[in-house]
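Okay, thanks everyone. I'd like to walk through some packing and charge pairs today, so let's get the model up on the screen.

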Amino acid sequence: MNAELVPSAFGGRFTRLDDLVAVGKVVSRRDPGLGAGYVTSSLLAGVCVWLAGDDDQRRYVADTLMAGHRLACGYHELEHGNDFTAADFSARAVGDQLVLDGRKEVIANASRAEALVLFAATDGRRTGQAHSQLLVRRSELSGDGVVELPRFSTVGLRGVHLGGVAFRSARVDAASVLGVAGRGAENTMKTFQLTRIALPAMMTSAVDTALRCTVLHLRDRVLYGRSALELPHLRSKLVDVFATLVAADALATAAARSLHVYPGEGAVHAAVVKYCLPRLLMDAMNELAMILGAHSYLREGPTAIFQKLMRDVQAVGVVHIGKAACRMALLPQLPLLAKRSWESANAPAESLFAADADLPPLEFDRLRVTGNGRDHLFAGLRAGLADLAGLRGADADLIRRCAEPLAVEGRDLRSACTALPPAELGVDASPSAARVVDRYARLVLAGVCLQTWLHNRGSGDWVSAWAASVLGRLVQGGSPRQLPGNVEEQLFTELVSRCADNRDLTSTGRPVFGC
């Protein structure tokens, strides 16, 4: 697995973020805790080095991972939560060394890692350039100045070893700084663009397992003299979850690929994924829990895995960064996006959506802290509606009926965003201003789904049925119940077929090991 985290230039297999996510999903399908603790921990620390480290630091980290060791990343301090720039942990320069003081807490694999990336205050005098990232080797963390903190217990992701480290005048080499001193906050915001997409994207496979578990349970359960899988109401619920799961995966895939194609827009797209996916995945899990009823919390039998998956998926909404923080990251950018991009941007590249599309290399040095008013994912809705107008056929007519109301919503949202006053763009924004982010995220998802259909509509009847179902639900006040009956039947047939053939239930339909 570690080779998947190392760029090919250093002997590994990491060339595309969407391919890395696909491998991580294989792990998380069986145990989300293993995916979050083993894959994400080393990924987050490694990306910091690939982005900001020098050649020696990159080679050391590559060799460490290729030898099978772990990395850890220390940002959090419980007192400050996700506000890592308020961190008290400091690294003070004394000659050719740095003196470390403070605590880092809730770190995955803190006591198991061969090296840690630590976020530290290095210059309290310069606002915006007060912090740096440090690459500290385990061999340097010895003596009375370094104390391992007790493990933190959690409700979900129980297999993730969350610990911490306390430092008291501990000394490390000044060459531990990653990149230019004082650029820690900037580099961190860039690295988070990869991990805020990858972590929730990998977690879609946990919902895949939960949905598969539910289908198999209903297939074998007899109600009213027949298989529960034949009951219309339950079939409708399963189809809704299936459509939601494919939509979530399509959004994550498009955002991951956009880092290759539009790296300067990663700050926007990563925040949208981390804002949308936890809610979509938890909505799906809650729906499945209602279908399973008491079987959703049994700890024995075929459905015993479900209650673990429910706890683990809940954690994805708060791990790394919460929904409120993502909202505050997006809200200040919306006025500029609305003015500069939403009406004038070209159609997004086909490679964001087409299955098996080629991508340019991921260039870490092209990542930017903000989107600078560019947003090709949102532009996908307008461009998709324009392409749809020239298509003919029953499927195109169905998609058009579902998607056309979204054009009006897009124009209304643009007007609402351009009218937002500066006072409504900060943490004290009114609820009505904050809800603009909800509307924006919903229309980004709609544009991704429409573009995914446009570039993959030859993959089977179920693709059109899925797009119609999702787009119909994303229209404000819309309902998938207004769709033709064969839409639900096509989706249900695809779902049951994939479960029988051991294919994944997200957008790819790739073969998986039997569950």
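So, which residue forms a salt bridge with Glu-494? That's Arg-503, with the closest N and O atoms 3.8 Å apart. By salt bridge I mean a side-chain nitrogen of Lys or Arg within 4 Å of a carboxyl oxygen of Asp or Glu.

Quick housekeeping: this is a predicted model, so local features need pLDDT of at least 70, side-chain atom pairs count only at pLDDT 80 or more, and totals for chains, interfaces and linings use all residues. Numbering runs from 1 along each chain as its sequence is written, and side-chain values use heavy atoms, with hydrogens and water left out.

Back to that pair. Glu-494 counts as buried, at 14% relative accessibility, while Arg-503 is partly exposed at 21%. The cut-offs are under 20% relative accessible area for buried, over 50% for exposed, and partly exposed in between, using a 1.4 Å probe and protein chains only.

The count comes to 27 salt bridges. Arg-16 and Asp-18 make one at 2.7 Å, N to O, and both residues are buried. They're also linked with Asp-19 and Arg-257 in a salt-bridge network.

Now the nonpolar core, meaning buried Ala, Val, Leu, Ile, Met, Phe, Trp, Tyr and Cys residues joined through side-chain atoms within 4.5 Å. The largest has 155 residues, and Leu-211 and Trp-453 are among those touching the most other members. A second, separate core of 20 residues includes Phe-89 and Val-165.
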